[in-house]
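Dear colleague,

Please find below the structure that I am handing over to you. My notes on what was found in it follow directly after.

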Amino acid sequence: MIKKCSNCFDGKVVDPKKEEEADKLCDGGQFSYYEAMLKVGYIKCPRCNGTGKIEE
């Protein structure tokens with residue numbers, strides 16, 4: 001059965017090196033976490049390999 005990956009947004013996760021910067025944007029109330037991720041940068045989700053879907 002294929003399910004949506006719960007660790008990412010459409011196969012993207014916040015770059016760990018920029019996670020603090022993304023948190024600051026969210027805490028300021030200017031951006032949602034998804035918008036902050038797109039603004040600071042993201043990497044391919046290691047759990048689903050960037051597909052956004054996993055088999056269970």
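On the surface, Glu19, Glu20, Asp23 and Asp27 gather in a patch of negative charge. Patches are made of residues with over 30% relative accessible area and no salt bridge, like charges being joined within 9 Å and nonpolar side chains (Val, Leu, Ile, Met, Phe, Trp, Tyr) within 5 Å. A salt bridge is a side-chain nitrogen of Lys or Arg within 4 Å of a carboxyl oxygen of Asp or Glu. Lys and Arg count as positive and Asp and Glu as negative, while His and the chain ends are not counted; the place of a charge is NZ of Lys, CZ of Arg, CG of Asp or CD of Glu.

Please note that this is a predicted model, in which local features need pLDDT of at least 70 and side-chain atom pairs count only at pLDDT 80 or more, whereas totals for chains, interfaces and linings use all residues. Residues are numbered from 1 along each chain as its sequence is written, and side-chain values use heavy atoms, with hydrogens and water left out.

The protein has two helices and four strands, arranged along the sequence as β-β-α-α-β-β. Helices (H or I, at least four residues) and strands (E, at least two) are DSSP runs, numbered from the N terminus.

Aspartate 23, a member of the negative patch, is found in helix H1 (residues 19-27). Its relative accessibility is 34%, so aspartate 23 counts as partly exposed; buried means under 20% relative accessible area, exposed over 50%, and partly exposed in between (1.4 Å probe, protein chains only).

Tyrosine 34 lies in helix H2 and is partly exposed, at 30% relative accessible area.

Valine 14 belongs to strand E2 and counts as buried because its relative accessibility is 9%. Beyond its neighbours within four places in sequence, valine 14 is in contact (heavy atoms within 4.5 Å) with several residues, including Glu19, Ala22 and Tyr33. Aspartate 15 is found in the loop between strand E2 (12-14) and H1. Although buried, aspartate 15 has no salt bridge, and the nearest side chain of opposite charge, lysine 18, is 5.0 Å away. With neighbours within four places again set aside, aspartate 15 is in contact with Gly41, Tyr42 and Ile43.

Yours sincerely

Notes:
Accessible areas come from the Shrake-Rupley method with a 1.4 Å probe; for residues, only the protein chains shown count as cover.
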